[in-house]
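Biologist: Can you walk me through this one? I'd like to go through a few residues and then some helix pairs.

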Amino acid sequence: MRVLSGIQPSGKLHLGNYFGSIKPNLEYVGKVEESIFFVADLHALTTMCDAAELRRAREDIVIDYLACGFDPEQSILFYQSDIPAHTELMWILSTVTPMGFLERAVSYKEKVSKGIVATAGLFTYPVLMAADILLYGANIVPVGRDQKQHLEMTRDIAVKFNRVYGDAFVIPEPFIREDAAVVPGIDGQKMSKSYGNTIPLFDEGAGRKAIMRIVTDSKDAKDAKDAKESVIFQIHKLFLSPAEANVLAEEYGGGLSYGEAKKRLLSSYQDFFAPMREWRADLEKKRGYVREVMESGRKKAHALAEKTMGRVREAVGL
Ligand code: TYM
């Protein structure tokens, strides 16, 4: 079985990325034949146009992945742009992708409504994502709920290709953790780089400030509170076992003040990420090692991708 996922290097990693994608991916490492994780730097070009910033963000996100616990001995890490087969396969897939599929993409409409320029790249973004997944024969793709439609499109494109040219692709399944499908941001909307409502993983100062700014209702300190309604609790429970979350929910019911609830969340957040932060600071000084990891990932990803491309080129007659 193969598990694969990717993240765009278009902002600092936040709790939504961690609990929605990184953590579920990490849980597969060492348990499946292949676990593959890549930096979606070609996708990032749809929203980033500062070369120096992208160059820095690409490597920073690899350091983040490694600090989160991706073991390069047990998983494959690489840059999407290092494997030209992604764009080659994207083109081939685009020739079997009906325009109607792409016209229904919610994420495209949302991005355009937020002011992102409606380029051809932004419109065909899901086809590149389908290529990312189908190239490696991924069976499982751990993502947050915002990527569900993209996964459905990938499946539809693969089915369409297989129908026209014969079985070339594995049909992938999304893996969406129910408890972290949509991690809320500090304003209660989905946590997202573009909403400015994130809690970052590695910038402790910014994380502390963000936690202290989480929205609350106007209940008095000693009033009973329904934990399920509280954004503080919805975020805090991601760090807790179900039993610990139940105990905390009871304390909310017993009149835990929001100030105290935030302090408790801050302490869980600090304890959880402290070892990763330390490891990250260490990795910052080992850029040579980070580059070696990516070069070795490139070689492994290239070998897998070329196997698929051999079949695809043969199937379509190239
Ligand atoms: P991106 O970079 O926006 O987000 C990376 C991952 O984090 C998840 N995520 C969340 N999950 C739960 N709650 C949230 N608030 C939250 N915010 C973000 C996303 O669902 C995603 O899993 N198109 C992708 C990148 C990509 C990709 C792929 C993913 C490119 N090719 C192939 C999987 C397979 C994206 O923009 O993710």
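Biologist: Leaving aside its neighbours within four places in sequence, which residues is L54 in contact with?
Modeller: Keep in mind that this is a predicted model. With those neighbours left out, L54 is in contact with P9, D41, A44, L45 and M48.

Biologist: Where is L54 found, and is it buried or exposed?
Modeller: L54 is found in helix α3. L54 has a relative accessible area of 12%, which is under the 20% cut-off, so it counts as buried.

Biologist: How far apart are L54 and I7?
Modeller: In sequence they are 47 residues apart, and in space 13 Å, C-alpha to C-alpha.

Biologist: What about D64, where is that found?
Modeller: D64 is found in helix α3 too, which covers residues 51–68. Its relative accessible area is 8%, so D64 is buried.

Biologist: What is D64 in contact with, leaving aside neighbours within four places in sequence?
Modeller: D64 is in contact with L13, F202 and R280.

Biologist: Changing topic to helix pairs. What do you use to describe two packed helices?
Modeller: The angle between their axes, and the distance between the axes.

Biologist: Then how do α1 and α13 pack?
Modeller: Helix α1 is residues 15–28, and its axis is 14 Å from that of α13, at an angle of about 75°. That angle is why α1 is described as roughly perpendicular to α13.

Biologist: Which residues meet there?
Modeller: From α1 they are L15, Y18 and F19, and from α13 they are Y269, F272, F273 and M276. By class, the contact of α1 with α13 has 7 nonpolar residues, no polar and no charged.

Biologist: And α10 with α13, at what angle do their axes cross?
Modeller: Roughly 160°, and the axes come within 10 Å. Here α10 is residues 204–212 and α13 is residues 258–284. Because of that angle, α10 is roughly antiparallel to α13. The crossing of α10 and α13 is right-handed.

Biologist: Which residues make the contact?
Modeller: On the α10 side, E204, G207, R208, I211 and M212. On the α13 side, K262, K263, L265, L266, Y269, Q270 and R277.

Biologist: How do the residues of the contact of α10 with α13 divide by class?
Modeller: There are 5 nonpolar, 2 polar and 5 charged. Y269 of α13 is in this contact, and Y269 also meets residues of α1.

Biologist: One more pair, α4 and α14. How do the axes cross?
Modeller: The axes of α4 and α14, which is residues 287–316, cross at roughly 30° and come within 11 Å. So α4 is roughly parallel to α14. The crossing of α4 and α14 is left-handed.

Biologist: Which residues make that contact?
Modeller: A85, E88, L89 and I92 of α4, with A305, E306, M309, V312, R313 and V316 of α14. Of the residues in the contact of α4 with α14, 7 are nonpolar, none polar and 3 charged.

Biologist: Let's look at M309. Is it buried or exposed?
Modeller: M309 has 0% relative accessibility, so it counts as buried. Its place is in helix α14. Leaving aside neighbours within four places in sequence, M309 is in contact with A85, E88, L89, I92 and L135.

Biologist: How far apart are M309 and E88?
Modeller: Their C-alpha atoms are separated by 8.8 Å, and along the chain they are 221 residues apart.

Biologist: Now a loop. Where is the place of T97?
Modeller: T97 is in the loop between α4, residues 85–94, and α5, residues 99–103. At 11% relative accessibility, T97 is counted as buried.

Biologist: What does the side chain of T97 reach?
Modeller: The backbone oxygen of L93, at 2.7 Å. Not counting residues up to four places away in sequence, T97 touches L102, V127 and I157.

Biologist: Last one, R2. Where does R2 lie?
Modeller: R2 lies in strand β1, residues 2–7. The side chain of R2 reaches the backbone oxygen of Y136 at 2.9 Å.

Biologist: How far is R2 from G137?
Modeller: In space 6.9 Å, C-alpha to C-alpha, and in sequence 135 residues. Once neighbours within four places in sequence are left aside, the contacts of R2 include Y136, G137, A138 and L304.

Definitions and conventions: Residues numbered from 1 in each chain as written. Predicted model: local features only at pLDDT ≥ 70, side-chain atom pairs only at ≥ 80, totals over all residues. Heavy atoms only, no water. Helix = DSSP H or I, 4+ residues; strand = E, 2+ residues; numbered from the N terminus. Contact = heavy atoms within 4.5 Å. Polar contact = N/O pair within 3.5 Å; in protein donor to acceptor, adjacent residues only side chain to side chain. Axes fitted to C-alpha atoms, helices over the stretch in contact; angles between N-to-C directions. Parallel < 35°, antiparallel > 145°, perpendicular 65-115°, else oblique. Left-handed = near helix turned anticlockwise from the far one by under 90°. Nonpolar A, V, L, I, M, F, W, Y, C, P; charged D, E, K, R; others polar. Buried < 20%, exposed > 50% of the residue type's maximum accessible area, 1.4 Å probe, protein only.
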